Amino acid sequence: MVEWLKSAVFYEIYPQSFADTNADGIGDIQGIIEHLDYIKELGCNAVWLNPCFASPFLDAGYDVSDYKKVAPRYGTNADLRRLFAEVHKRDMHVMLDLVPGHTSWEHPWFQESLKPQHNEYSGRYVWTDDAWKDFEGISGTMGFLRGMSQRDGCVAVNFYSHQPSLNYGFYEINDPSWQQPMDSADALSTREAIKDIMRFWLKMGCDGFRVDMAGSLVKNDPQQEGTIALWHDFMQFIETEFPHAAMISEWGQPDRSLRSGFHMDFMLHFGPSHFTDMFHKDDPYFSRDGKGDAKAFIDYYKKCYEPTNGKGMICVPTGNHDMERMTKWLDPAEVKIVYAFLLSLPGAPFIYYGDEIGMRYLADIVSVEGGYHRTGSRSPMQWNEELNAGFSDAKAEELYIPIDPDENRPTAEKAVADPDSIYHEVKKLIQIRQSTPVLQSEAQISFLYCEDHAYPLAYRRTNGEASVLVVVNPSGTEASFAYDGQLGDVLYQNGGDYKLEDGMFRIPAASAVYVWEKK
């Protein structure tokens, strides 16, 4: 395990929405540099930067046209190198977002691949050998393009139609006339091209990568065994040349991603996770209405936690650029209880920019750069009461996404000045976590109480030397569970005092508490 990752608390930055210093309405790298002290003061010691590479921005930068060039709207490669240096100067780390599964259709590789004459990039993407052959029944693909050039064939796409799939080969080959094995020259060439990109940024000072759609690379790979083997190769490269670099996967299946060699996996908000049951849906568990259910999520969490061998290297983020903000469903008091939960779990916490001040989800705004419903979670950071909430000096109509129009919108300035704000609760919880080894990433977790449609949620964090009982009751009524241990001092409390009597732990409504356990 990479040592610095064990105590990391991440802050996710969507660069186009964070801070604009040149009045073009779009955030930039200099804006990030100017707010690093804010991030550090909050308590975060690591940054995840969403894609900042050259792109036509049909998918907000996840459609890369040049992996080795910073998008001009954000600055230059020299600016990014300076960001790395400024982050390190503050004893922090920074991870870039790597998109290895597909490129933009404007990428020079793809433009060469379109040509009917064979060249070194003809096999860089996943092509059939006939324009009438498509990818029906081929796992790992989400569509295809054809008729774009004189080349005969269809090309697979990974997500949007403008994102052709890079070729890492097929695990199961059904049609050898066009399906290449994983050890084909073309598939191996793609691997080396991605390693070269990683090497480029790691040598410049990047501390690792969050890998987009990490489980999608090898095609016809239903159990992802080929993709696991592929990442073994990538991770051997990382461990050999850059042993201090961290690799975090967008996979959502730790039993596969951690076996692949990744240091950490994200708990995704889609698929079987039930993540949204907690604080991202109607009647969430963390609402005072008390109608929520945590059981399905905790059961899945335990299933994911098991393959970590007690190291806890899965993370549950506050949100991200693909999710509606939790304030769509929860008020500030409820959000504080969410943080008491998230910041006491194993694995590195990830805080999405603006969540620490309670930024709102903006519904019904026009989609920007392929965001669609996600656009409402990508609005500019609200810094202060100045023009455009301090995000930019551009005209309002030139902003990347409109600012929250509510005159009472939260801002970082107001949050820092208010000792009762979400910001200060988050800051306090991070300080407690960082000063308490038993609450950090590798200490173990065991759940003591979590029943169907019931409150509270109780679990123990332990590292063999000490243990802390964590109990959260977001509901509007007192809750209790059977507990036969002995308790010591309270480490953290939000809400009323708990009671331990007659073998029952009773916690007041809308409360959370961390208590030392006696041996």
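Helices H10 and H12 are roughly parallel to each other, since an angle under 35 degrees counts as roughly parallel and their axes cross at roughly 15°. Keep in mind as you look around that this is a predicted model.

**Helices H10 and H12**
- H10 covers residues 332-342 and H12 covers residues 422-434, and their axes come within 10 Å.
- The crossing of H10 past H12 is right-handed.
- On the H10 side, the residues that meet H12 are Pro332, Val335, Lys336, Tyr339, Ala340 and Leu342. Their partners in H12 are Ile422, Glu425, Val426, Leu429 and Arg433.
- Sorted by class, this contact of H10 with H12 has eight nonpolar residues, three charged ones and no polar ones.

**Val126 in its loop**
- You will find Val126 in the loop that lies between helix H4 (108-113) and strand S6 (144-146).
- Val126 has a relative accessible area of 2%, so it is buried.
- Leu166 is 40 residues away from Val126 in sequence, yet their C-alpha atoms are 6.1 Å apart in space.
- Beyond its neighbours within four places in sequence, Val126 is in contact with several residues, among them Phe135, Cys154, Leu166, Phe170, Trp178 and Lys219.

**Helix H5**
- H5 runs over residues 185-204, and at 1.5 Å a residue its 20 residues should span 28 Å. The C-alpha atoms at its ends are 29 Å apart, which agrees.
- Buried residues of H5 include Ala187, Arg191, Ile194, Lys195, Met198, Trp201 and Met204.
- Just after H5 comes Gly205, with a positive phi of about 130°.

Technical notes. Residues numbered from 1 in each chain as written. Predicted model: local features only at pLDDT ≥ 70, side-chain atom pairs only at ≥ 80, totals over all residues. Heavy atoms only, no water. Axes fitted to C-alpha atoms, helices over the stretch in contact; angles between N-to-C directions. Helix = DSSP H or I, 4+ residues; strand = E, 2+ residues; numbered from the N terminus. Parallel < 35°, antiparallel > 145°, perpendicular 65-115°, else oblique. Left-handed = near helix turned anticlockwise from the far one by under 90°. Contact = heavy atoms within 4.5 Å. Nonpolar A, V, L, I, M, F, W, Y, C, P; charged D, E, K, R; others polar. Buried < 20%, exposed > 50% of the residue type's maximum accessible area, 1.4 Å probe, protein only. Expected span 1.5 Å × (residues − 1).
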